[in-house]
Amino acid sequence: MDIRKSHFAISGIAPKIAALLAAGLFVGSTAAMDTKKVWITVGDAAYAQLQKVAPQAIARESRITLTNQASSRFTGTEKVHLVEVDEQQLLKLSAAVHQELKRCGGFMFHPSESAGRKALNKPLVKRPAAARPAYAIGNQAIVTPMLAQMQDSNIVQTIVDMAAFDNRYYATTNGANASNWLLKKWTDMTAGRSDISVAQFSHPNWGQKSVILTIKGSDNPAEVVVLGAHLDTINMNGTYETTIAPGADDDASGIASLTEALRVMLANGYKPRRTIKIIGYAAEEVGLRGSQEIAQNFKDNNVNVVGVMQLDMTNYQGSSSDIYLYTDYTNSQQNDFVAKLISTYLPTLSIGYDQCGYACSDHASWDAQGYPTSMPFEAAFSQYNPYIHTSDDTYANSGSQAAHALKFARLAAAYAVELGSEGSGGTPPADKVETFSGSLTKGQKKTYGPYKVGAGGSIKAALSGSGDTDLYVRKAAAPSTTTYDCKSDGPTSTENCALNMAANGDVYLLLNGYAASSYKLTVSYRPQ
Ligand code: BES
Ligand code: ZN
C-alpha cells in the first residue's frame with residue numbers, strides 16, 4: 001500500500017484548519033487567552049504566506065543569508081525577514097505553508113527583537129571554527145563489534161513507549177511527563193557509571209524540559225560531541241492537554257536511534273576521550289526553542305562543541321536511498337566525514353543529498369551559533385513521512401518496523417565513537433610484544449596474565465611448536481576450557497586468538513596440553 005499521500009488527502013485536515021482559523025481557535029493550550037508577541041525569522045516564500053494570514057505582520061528587517069557553510073554541493077542563499085507576530089499566528093503560518101508550499105513551516109523563533117536582529121545580521125561568510133577535528137576514521141576495533149550488537153527491537157520499544165503518550169507537546173502535562181520519562185530511561189541505563197550524568201535543562205518560559213546526558217571525556221573533556229533529537233510532538237490541528245500527537249517518527253525515532261547507540265556504547269564499556277552529550281530537546285516543534293536556548297547557553301559558556309549530529313525522523317523509508325544528508329544549515333566537511341563513516345561502516349547503504357530549504361530542525365540552532373552540524377534524514381525532502389504532525393504519526397504508519405531507524409542508530413554510534421575517540425592523547429602507544437616458551441604434559445594447564453590492554457586496542461596471542469597445545473583467551477577473569485572469549489583448539493600447537501577492547505581491561509590466557517607438547521607463545525597488545 002502506498003502510504004505516501006499528502007497530509008490533507010489522508011485526513012481531510014485542510015477544511016478543519018480553515019474552520020479552526022475562522023473560529024480563532026488555532027492556538028496552543030497554554031496560549032489560549034494570550035496574545036503574546038513573538039519575533040520570528042522566515043524565508044521569502046513563507047513570508048509571502050505570512051502576509052496572507054497576518055497582513056499586519058510587516059518585516060522589520062530583511063537580508064540575504066547563506067543557507068549552509070560553504071558546501072561544495074549546494075551553496076544556497078535565501079532572503080530572510082524578521083517579523084513580529086502574535087504567537088497564535090505561528091500555527092496559522094505553519095498551516096498556510098503546509099497547504100500552499102507543500103512543505104513544513106520554516107520559521108525560527110527569537111525571544112526578543114534584538115536576538116532576531118542578531119540572528120539576521122550574522123556575517124555572510126562564516127569563518128571556519130578555530131580547530132577543526134581531524135575527521136580520521138581509525139576505531140574499527142571498537143565500532144565494528146558495536147554495530148553488530150545493535151538491534152531494531154530495542155528501537156521499536158522506545159518508539160512504542162514514547163508514542164504511548166497522548167502527546168509530547170511542549171506546553172502540556174503529557175509533554176512534561178515525556179521529558180521525565182526520558183530522564184528516567186537514560187538515568188537507569190547509565191546507573192553505575194560515575195563518568196556519566198543525566199540532567200534536565202529547564203526552560204524559563206514553558207514546562208517541558210530538555211534532557212542532557214553527558215559522558216565525560218577521559219582525556220579531552222573540554223571538547224564536546226553533541227548528538228540530538230527532539231522529544232516533543234505537535235498536532236497541526238492544535239495541541240491541547242490530551243490531543244493525540246504520537247510523533248512515532250517525528251521524533252521518537254530519533255530519540256530511539258540515539259538510545260540504541262547509547263546502549264551499545266554502555267554494553268561495551270566505551271569511554272570516550274572527548275565528552276559526548278546526547279540531548280533530547282524540548283519544544284522543537286514550536287520554533288526550535290529548546291535547542292536555541294541550549295546552543296545559546298553553550299556558546300555563552302564558550303563550550304567547544306566540535307560536532308553536532310541531529311536525528312529528526314529516521315524510521316520512514318520514503319525514498320530509494322537509505323540515508324539522506326541534508327546540506328543546508330549543516331557543515332560540508334563534517335557531512336563528508338559522515339558520508340565516509342557510512343561507506344566505511346555501513347557499506348551496503350546508499351547515500352542521498354537533499355535540503356529542507358529552511359531551518360527545519362535543531363541542527364539549525366547550533367549552526368546559528370557557528371558549530372558544525374549534520375542532519376542525516378530518512379528520505380528525500382519531497383518524500384518524507386506524510387503522517388507527521390497528525391494523530392497518525394504512529395509506529396504502524398512507519399511500517400511497523402525499525403530496520404530503517406537502525407541504520408541511523410549505527411551511524412550515530414560510529415559518529416560518536418570516531419569523533420569521541422579523537423583527543424589530546426595523540427596517537428595510541430605502540431603494541432607491546434612478549435614471548436614465552438615452555439612444555440606441557442598431556443592434560444597440564446598454564447595460565448598467563450593479566451595483560452592490561454588499552455581501550456580501542458586489541459590483544460593477539462599466537463602459539464607455535466610441536467605436539468598439541470590449545471589456546472583459550474578471556475577478558476576480566478582466567479579462562480577454562482569451557483569458559484572463554486576466544487579459543488583455538490586445532491590438532492597441532494599452531495593456534496591464534498585475538499580480542500578487541502572497547503575499554504581498558506584485563507585479559508588472561510590459558511594453555512592446555514591436549515597432548516604432550518612444547519610451545520612458543522607470542523602475546524602482543526596495546527598497553528593502557
Ligand atoms: N521533523 C520536522 C522537520 C522536517 C520535516 C524535516 C520534514 C524534513 C522533512 C520538524 O520537527 C518540524 O516539523 N519542523 C518545523 C519547523 C520548526 C522551526 C517549527 C517544520 O518543518 O515545519
Ligand atoms: Zn521533527
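1. S493 is buried, at 0% relative accessible area. This serine belongs to the loop between β17 (486–488) and β18 (495–500). Beyond its neighbours within four places in sequence, S493 contacts L463, S464, G465, S466, G467, D468, T469 and S517. Note that the model is predicted.

2. The zinc ion (ligand 2) has H230 (NE2), D250 (OD), D312 (OD) and D312 (OD) listed as coordinating it, at 1.9 to 2.5 Å. Its site has six donor atoms and is irregular, with angles among them of 55 to 168°. The irregular label follows because six donors count as octahedral only if opposite donors are over 155 degrees apart and all others between 65 and 115. Along the chain, the donors of this ion are spaced as H-x19-D-x61-D. H230 comes from strand β7 (residues 220–230) and D312 from the loop between β9 (304–310) and β10 (323–326), so this pair ties together parts 82 residues apart in sequence.

3. Two peptide bonds need a look. P450 is part of strand β15 (residues 445–453). Most peptide bonds are trans.

4. Two residues other than glycine have a positive phi. A283 has a phi of about 55° and sits in the loop between β8 (274–281) and α10 (289–300); with 0% relative accessibility, A283 counts as buried. M313 has a phi of about 85° and is found in the loop between β9 and β10. At 5% relative accessibility, M313 is counted as buried too. Most residues other than glycine have a negative phi.

5. How do helices α7 and α9 pack? The axes of α7 (residues 152–163) and α9 (residues 248–267) come within 8 Å and cross at roughly 135°. The two helices are therefore oblique to each other, and the crossing is right-handed. On the α7 side the contacts involve N154, I155, T158, I159, M162 and A163. Their partners in α9 include A248, A252, S253, I255 and R263.

How values were computed
Residues numbered from 1 in each chain as written. Chains lettered and ligands numbered in written order. Predicted model: local features only at pLDDT ≥ 70, side-chain atom pairs only at ≥ 80, totals over all residues. Heavy atoms only, no water. Donors = N, O, S within 2.8 Å, 3.2 Å for Na, K, Ca; no water. Tetrahedral: all angles 85-135°; square planar, octahedral: opposite > 155°, others 65-115°. Helix = DSSP H or I, 4+ residues; strand = E, 2+ residues; numbered from the N terminus. Axes fitted to C-alpha atoms, helices over the stretch in contact; angles between N-to-C directions. Parallel < 35°, antiparallel > 145°, perpendicular 65-115°, else oblique. Left-handed = near helix turned anticlockwise from the far one by under 90°. Contact = heavy atoms within 4.5 Å. Buried < 20%, exposed > 50% of the residue type's maximum accessible area, 1.4 Å probe, protein only.
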